[in-house]
Amino acid sequence: MPFARLAIATTPTCHIGLGLAAVGRPGYINLGREADLPSVRSVNVLRARTHELLDAAYAQGVRYFDVARSYGRSEEFLAEWLNERPDIDDVVVGSKWGYTYTAGWTIEAEHHEVKDHSAATYERQRAETAELLGDRLDLYQIHSVTPDSPALTDKELHARLAEAAAAGITVGFSTSGPAQADAVRAALAVTVEGEPLFRTVQSTYNMLETSAAPALAEAHDAGLTVIVKEGLGNGRLADPNAPEELKAVAAEASLGTDAVALAWVLRQPWAGVVLSGAVTANQLASNLHAAVVDLDDDQLARLDGLVEGPQAYWERRGRLPWH
């Protein structure tokens, strides 16, 4: 598996990855985005910002980069960065299929992405990803699997994904919504010719939304690499929007709330890679301090009190506007 490259890495930040969801397109739902990015977000502006972030991340030991077909031009930006640096051969690249970007590089689009987990969409998007990333792609994930997703029962799709796995691509899936745990467990049961199909799972997990934890621990025990997304709750756990208790703990640690929130995730024994969604170099540097944060039992207990019910969390997330 390509994640073996991370296992032999020695930098403290090797278990923190960089996700490009927020810089591959002009609009996203993260809080504070208006101040974090320039008002003019042309393709060239976001390409330059993405390359700046990738340079900074790599220089500071980050070795996993995460994109998706629906993240605007994220695959394109990452592919350009890799092509310009052919000597870099120690990174792991993951992308996702299953959503089609439909915003047309605008922020006011009625629909920013359209979901379709059919085999036909897989074949189309796999070809699109291959055209951009070629043999630099290590991991291909089904984007946002829910318990009712046809991707869990489509035998034709499973066969095609198994073919990709046999050709050297690691096959994984991501989850979203209040029933993430159910989706993870259903995916763990998917087999092709008696062998498990999926080797990675990417789920939302943070100190506000912890409901997937038992299922993610089961996935880890089954041998899957667990990738954690939205560790900052789309900005709800970063300054200035962080809860007061988190701000207090961060002040005690003399670090940002973002670093503490990501450190809280990193301490989970099943968390293989935790994604940063930084859109500025300063944010990234602050996020990466998570690798050296040490929280005591009292601080952990106080932070554990911030948890919300999954239904309430996802309903609030669904109301976040695209900025």
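Guide: Buried means under 20% relative accessible area, exposed means over 50%, and partly exposed lies in between, using a 1.4 Å probe and protein chains only. This is a predicted model: local features need pLDDT of at least 70, side-chain atom pairs count only at pLDDT 80 or more, and totals for chains, interfaces and linings use all residues.

Visitor: Does Ser74 count as buried or exposed?
Guide: Ser74 lies in helix α4, residues 74-83. Helices (H or I, at least four residues) and strands (E, at least two) are DSSP runs, numbered from the N terminus. The relative accessibility of Ser74 is 1%, so Ser74 counts as buried.

Visitor: Which residues does Ser74 touch, not counting those up to four places away in sequence?
Guide: Contact means heavy atoms within 4.5 Å. With residues up to four places away in sequence left out, Ser74 touches Leu20, Gly24, Val67 and Ala68.

Visitor: How many of the residues of strand β3 are buried?
Guide: Strand β3 spans residues 92-97 and is mostly covered. Val92, Gly94 and Lys96 point one way, Val93, Ser95 and Trp97 the other. In a regular strand, side chains alternate between the two faces of the sheet. The count of buried residues in β3 is six of six.

Visitor: In β12, which residue is the bridge partner of Gly17?
Guide: Strand β1, residues 16-19, pairs with β12 in the parallel sense over three bridges. From β12, residues 273-276, Val273 and Leu275 point one way and Val274 and Ser276 the other, and all are buried. The β12 partner of Gly17 is Leu275.

Visitor: And which β12 residue is the bridge partner of Ile227?
Guide: Strand β11, residues 225-229, runs parallel to β12, and two bridges join them. The β12 partner of Ile227 is Val273.

Visitor: With which side chain does the side chain of Asn30 make a polar contact?
Guide: Asn30 sits in the loop between β1 and α2 (33-36), and is buried at 17% relative accessible area. Beyond four places in sequence, Asn30 is in contact with Ala22, Asn234, Gly277 and His323. A polar contact is a pair of N or O atoms within 3.5 Å; within protein, one must be able to donate a hydrogen and the other to accept it, and residues adjacent in sequence count only if both atoms are side-chain atoms. At 3.1 Å, the side-chain partner of Asn30 is Asn234.

Visitor: What distance separates the C-alpha atoms of Tyr205 and Val274?
Guide: Tyr205 is in the loop between β10 (200-204) and α8 (213-221), and counts as buried at 4% relative accessibility. Beyond four places in sequence, its contacts include Val228, Trp264 and Trp270. Tyr205 and Val274 are 69 residues apart along the chain, and their C-alpha separation is 9.4 Å.

Visitor: How far apart in space are Thr170 and Leu303, C-alpha to C-alpha?
Guide: Thr170 lies in strand β7, residues 170-175. At 7% relative accessibility, Thr170 counts as buried. Thr170 and Leu303 are 133 residues apart in sequence, and their C-alpha distance is 35 Å.

Visitor: What is phi of Glu230?
Guide: Most residues other than glycine have a negative phi, and most peptide bonds are trans. Glu230 is in the loop between β11 and α9, and is buried at 14% relative accessibility. Its phi is positive, at about 55°.

Visitor: What is omega for the bond that joins Asp239 and Pro240?
Guide: Pro240 is in the loop between β11 and α9 (244-253). The peptide bond joining Asp239 and Pro240 is cis, with omega of about 5°.

Visitor: How much space lies in the second largest pocket?
Guide: On a 1 Å grid over the protein atoms alone, a cavity is a set of points where a 1.4 Å probe fits but cannot get out; a pocket is an open set with protein on both sides within 12 Å along at least five of seven lines, and lining residues have an atom within 4 Å of a point. Among the residues lining the second largest pocket are Pro12, His15, Arg267 and Asp294. Grid points are joined across faces, edges and corners, and a volume is the space filled by probe spheres set on the points. The second largest pocket holds about 150 Å³.

Conventions: Residues numbered from 1 in each chain as written. Heavy atoms only, no water. Pairing = 2+ DSSP bridges.
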